[in-house]
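Please consult the sequence and the three-dimensional view alongside the text.

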Amino acid sequence: MTLLLAGDIGGTKTILRLVEASEKPVLRTLHEERYSSKDFADLVPIVQQFLAAANTKDIPQKACFAIAGPVVNNTAKLTNLAWFLDSSRLQEQLGIAHVTLINDFAAVGYGILGLKKEDILTLQEGKPNLEAPIGILGAGTGLGQGFLIKAGDMYQIFPSEGGHSDFAPRKELEFQLLKYLLDKHDIQRVSVERVVSGMGIVSIYEFMRDRKIAAESPEIAQVVTTWEREAGKEKSVDPGAAIGTAAVKKSDRLSEQTMQLFVEIYGAEAGNLALKLLPYGGLYVAGGIAAKILPLMQEGSFMLNFSSKGRMRSILEDIPVHIILNSQVGLIGAAISASRL
């Protein structure tokens, strides 16, 4: 048996999981804790506190931490936290023989390999090919994209910066949205992440509101106004979540129209990624948003816009498309990555 430590490290929270791996390999969770990242000056004291709480006499032999930010040569500076992490320093200070850092979306890629049937919802069965690439995209704070390629009996995981590619409007309303964002932010280009993400939901809502496409409800207006007033400060509200919830409940027309356009653009971008990768191994939709707006993702416009690629429609109709329901897919992936060290 090998003792592993897996971590999902973000600017808001840090989740640690102690895992026992057998030769099969089967990963069995022994202990798990969640911490507020901002309560600590570094990752080391969190791990030390965690291992003490786990009441284990043995130090993990291997550890993998999924980081919310870029990882370069096993070092990382968190995007929303003043931590600088270095795997060599962590090995020395924690006494763990092997420590690796991976991008949080790369961890999602590993996590796909550990998902169970109940962890996914299939939007399109397609014609699966186990030898073909697997694609991943996920809207949350930003828009993550990546892919997996079969290498013998295993997969290699590759993160991507595809979320920073250009937003490509396809109809008049989307062209108006592009122009609105260019003018509002005084910028030269709009990335797809600026539209397909949590902040993208708010951007679409503001666009719809300012164009008076539908009346604004007092409840959502208060949340959005508070968020706008807190520009450049730590946010006390999450307007994207409020808009998404209102749309699912059908309690606010402006929120419904906002999320309708969001889901259409999300589906179109998923189709763009699918054309580039041809992921007959499956295209997996991750991120914090899709699972929370599941009824909107299932109603048809996501897949309609996914496959609306002219002569390429028949190709896209053969690609399996799944939504990941397990919010801990990154933590699962960190454990799998640690087991491979």
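The points below concern a predicted model and are grouped by topic.

In this predicted model, an open sheet of 6 strands has mixed pairing. Helix H3 lies across several strands of that sheet, and helix H7 packs through its buried residues against other helices. A search of the whole structure also finds 5 aromatic pairs.

- Strand S10 (residues 134-139) pairs with strand S13 (residues 283-286) in the parallel sense, over 4 bridges.
- Tyrosine 284 in S13 is the bridge partner of isoleucine 136.
- Helix H3 (residues 104-112) lies across S10, strand S11 (143-151), S12, S13 and strand S14 (321-324), and runs at about 130 degrees to S10.

**Glutamine 145**

- Glutamine 145 is located in strand S11.
- With a relative accessible area of 4%, glutamine 145 falls under the 20% limit and is therefore buried.
- The side chains of glutamine 145 and glutamate 269 are joined by a polar contact of 2.9 Å.
- Leaving aside residues up to four places away in sequence, the residues that glutamine 145 touches include Phe105, Ile136, Leu137, Glu269 and Leu273.

**Helix H7**

- The buried residues of helix H7 (residues 239-249) are Pro239, Gly240, Ile243, Gly244, Ala246 and Ala247.
- These residues cover an arc of only 165 degrees around the axis, which puts them on the same side of H7.
- Their packing partners are helix H5 (198-210), helix H6 (218-229), helix H8 (253-277) and helix H10 (294-298).
- At the start of H7, the backbone nitrogen of glycine 240 has a side-chain oxygen of aspartate 238 within 3.3 Å.
- Lysine 250 follows H7 and has a positive phi, near 55 degrees.

**Positive phi in loops**

- Lysine 212, a residue other than glycine, has a positive phi near 55 degrees.
- Lysine 212 is placed in the loop between H5 and H6, and at 71% relative accessibility lysine 212 counts as exposed.
- Leucine 278 is not a glycine either, yet has a positive phi of about 50 degrees.
- Leucine 278 belongs to the loop between H8 and S13, and its relative accessibility of 34% makes leucine 278 partly exposed.

**Aromatic pairs**

- In the pair of tyrosine 35 and phenylalanine 40, the ring centres are 6.0 Å apart and the planes stand at 90 degrees, so the pair is edge-to-face.
- Tyrosine 35 is buried at 9% relative accessibility, and phenylalanine 40 is buried with a relative accessible area of 18%.
- Phenylalanine 147 and phenylalanine 158 form a stacked pair, with 5.2 Å centre to centre and 15 degrees between the planes.
- Phenylalanine 147 lies in strand S11 and phenylalanine 158 in strand S12, so this pair ties together parts that are 11 residues apart in sequence.
- Phenylalanine 147 is partly exposed, at 22% relative accessible area, and phenylalanine 158 is partly exposed at 32%.
- Phe262, Tyr266 and Phe302 are linked into a cluster by ring pairs.

Technical notes: Residues are numbered from 1 along each chain as its sequence is written. This is a predicted model: local features need pLDDT of at least 70, side-chain atom pairs count only at pLDDT 80 or more; totals for chains, interfaces and linings use all residues. Side-chain values use heavy atoms; hydrogens and water are left out. Two strands pair if DSSP finds at least two bridges between them. Helices (H or I, at least four residues) and strands (E, at least two) are DSSP runs, numbered from the N terminus. Contact means heavy atoms within 4.5 Å. Axes are lines fitted to C-alpha atoms, for helices over the stretch in contact, and angles run from 0 to 180 degrees between N-to-C directions. Buried means under 20% relative accessible area, exposed over 50%, partly exposed in between (1.4 Å probe, protein chains only). A polar contact is a pair of N or O atoms within 3.5 Å; within protein, one must be able to donate a hydrogen and the other to accept it, and residues adjacent in sequence count only if both atoms are side-chain atoms. The arc is that of the directions from the helix axis to the C-beta atoms. Rings of Phe, Tyr and Trp (its six-membered ring) pair if their centres lie within 6.5 Å; planes under 30 degrees apart count as stacked, over 60 as edge-to-face and the rest as tilted.
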